[in-house]
Amino acid sequence: MEYLRPDFPELKIKDYRVYEAYRAGVSSQLQKEYGFLARLWCRSANWILFALLSDGIAGRQATVQTVRNPRNPFRFRKEMTQTKGISLATHISVLMRWYSLRECSINETSKLRGFFIKVQQHLLQPAYLKATHNAPILNRIFLQEWDYVQALRVTQSSDYQTAGKPMTQVFGTLMAACGKDDASMEALRHMGHALGYMVFLTGSVKRYTADKQAKRYNIYLRNNLSYEAAVENAQRQCYQAASEVVRAYYTLIILFHREIVANILIDGVEQMITNLSNTGKEII
């Protein structure tokens, strides 16, 4: 599920081209560093934000190069060359996909889909092991919060902050990794906590029907809320968290890509929240 996307109609053409070049750069780096399967299964628009933030705050100007489009060798595309921000985004992409598959393997009720998830895990394991070597600190926080999630399955907490803690801690750590000094890392960590809480609330709403049918733990089901009440609750809490994101954003000094980052964190987040009620039903 892609949460941290730009609001494309509000992007300037030059900013859209930069965003697409970063997206192509992350995709290309995934294949170079982790292999074709990682590029195929781990790509997500969510993590482009981390590349933009890391390079923008550090003042790293990536170089655009023209390469053949892997989908159509007769066409060319623009992509960013490797930067520290792009490398960070590729590590995050692999780790997030790996732990997402672990979560799916536990929740999946279909034997056939469960089998394909296990196969995908097996094929991605070399990429995951390489990512743990490249980003050991990030993997450590994933493992810590994974254990916390498993404990939540047993305790079945009805407190929103407690249930959302794993996602807030993960996003806080990931965002802080984009900073270059203590001040920027602290602001980014605060922003990441708020973003992680919004992702947790939004994901809980989108999984509402599936969790209800499978009798799995869901914070809204635990609090005996209907789907409509869950959407209303999520939107209210997300708007409160979004104000914290905006407050943290305006304390950051971003030398490059500020307009794109602002679009994702302000316009894109608002679109994510409003889309909860526009769907009219849960998306599986």
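A pocket, on a 1 Å grid over the protein atoms alone, is an open set of points where a 1.4 Å probe fits, with protein on both sides within 12 Å along at least five of seven lines, and its lining residues have an atom within 4 Å of a point. The model is predicted, so that local features need pLDDT of at least 70 and side-chain atom pairs count only at pLDDT 80 or more, while totals for chains, interfaces and linings use all residues. Residues are numbered from 1 along each chain as its sequence is written, and side-chain values use heavy atoms, with hydrogens and water left out.

**Exercise 1.** Describe the second largest pocket and its lining.

Solution. Two or more lining residues come from each of helix 1 (13–34), strand 1 (64–69) and strand 2 (72–80), where helices (H or I, at least four residues) and strands (E, at least two) are DSSP runs numbered from the N terminus. Helix 1 gives the most, eight residues.

**Exercise 2.** Determine how helix 8 and helix 11 are oriented to each other.

Solution. The axes, lines fitted to C-alpha atoms over the stretch in contact, with angles running from 0 to 180 degrees between N-to-C directions, come within 9 Å for helix 8 (residues 182–206) and helix 11 (residues 227–249) and cross at roughly 165°. Helix 8 is therefore roughly antiparallel to helix 11, a term for angles over 145 degrees.

**Exercise 3.** Locate Gly-179 and list its contacts.

Solution. Gly-179 lies in the loop between helix 7 (160–176) and helix 8. Not counting residues up to four places away in sequence, Gly-179 touches Ser-184, Met-185 and Leu-188, contact meaning heavy atoms within 4.5 Å.

Technical notes:
Angles under 35 degrees count as roughly parallel, over 145 as roughly antiparallel, 65 to 115 as roughly perpendicular and the rest as oblique.
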